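Keep the sequence and the coordinates in view.

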Amino acid sequence: MKNIRFIWLAVSVCVLSCVFTYMVTNLFLSNTKSQPINAKIKTEDDLYKSELILTENYQKCGHTISDSTLGTVSYSSIDNLTQKYPGYKITAGEGEKIVLTSDTDSYCPNHFCAVLNQNEIIITRLCDNKTVTIIKTNSLSLSSQEKKLLTEGLTLHSAEALTSFIEDFTS
Ligand SMILES: [Zn+2]
């Protein structure tokens with residue numbers, strides 16, 4: 001009889017420990033289930049790397065300005081890259097260099113307008129109407145032709161034209 005009791009005890013302990021182990025294992029597995037253990041983690045090696053050049057096509061003046069100071073970009077696909085630069089499309093390059101181009105319905109930043117307002121000539125940039133510089137002037141010293149032109153607004157179509165205009169009215 002003693003032997004049978006002992007066997008029962010041993011079997012019970014065995015079953016209980018099995019159940020306990022099963023429960024603990026299950027708990028552990030369900031905790032880690034949400035993590036994609038077998039999912040491939042994207043490493044640096046999976047990304048493309050290219051030198052990025054952003055180009056703006058300014059429709060109103062036909063000028064194109066490229067920015068090649070952006071350096072190298074990493075991307076997993078072409079779609080991934082273009083999503084980062086909305087409005088741009090790939091126009092050249094693959095591999096080492098990639099050119100993204102956007103069409104802009106305005107003048108490029110090299111166009112200015114000079115307007116006479118009492119004793120000041122206010123020069124603004126056409127693309128964003130930002131004041132670039134204000135020249136103090138005596139309107140009496142201006143010829144009637146200059147006055148007429150500057151009252152209507154004189155457009156300067158390059159940075160060089162702006163520089164020489166400022167020199168004319170400040171020297
Ligand atoms: Zn332009």
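This is a predicted model: local features need pLDDT of at least 70, side-chain atom pairs count only at pLDDT 80 or more; totals for chains, interfaces and linings use all residues.

Residues are numbered from 1 along each chain as its sequence is written.

Start with β5, residues 97–104. Strands here are DSSP runs of E with at least two residues, numbered from the N terminus. Two strands pair if DSSP finds at least two bridges between them. β5 runs parallel to β1 (residues 48–58), and eight bridges join them. β5 also pairs with β4 (residues 89–92), here antiparallel, over three bridges. L100 of β5 is the bridge partner of L54. L100 is also the bridge partner of I90.

Next, the core. A nonpolar core is a set of buried Ala, Val, Leu, Ile, Met, Phe, Trp, Tyr and Cys residues joined through C-beta atoms within 7 Å. Buried means 20 or more other C-beta atoms within 10 Å; exposed means 12 or fewer; partly exposed lies in between; C-beta atoms are placed from the backbone. The largest such core has six residues: F112, A114, L116, I121, I123 and L156. β6 (112–117) and β7 (120–125) each give two or more. β6 gives the most, three.

Take I123. Beyond its neighbours within four places in sequence, I123 contacts F112, A114, V132, T133 and L162. Contact means C-beta atoms, placed from the backbone, within 7 Å.

Now T155, in β9 (residues 154–156). T155 is exposed because 12 other C-beta atoms lie within 10 Å. Residues up to four places away aside, T155 touches H111 and C113. T155 and V115 are 40 residues apart in sequence, yet 8.9 Å apart in space, C-alpha to C-alpha.

Methods
Helices (H or I, at least four residues) and strands (E, at least two) are DSSP runs, numbered from the N terminus. Two residues are in contact if their C-beta atoms, placed from the backbone, lie within 7 Å.
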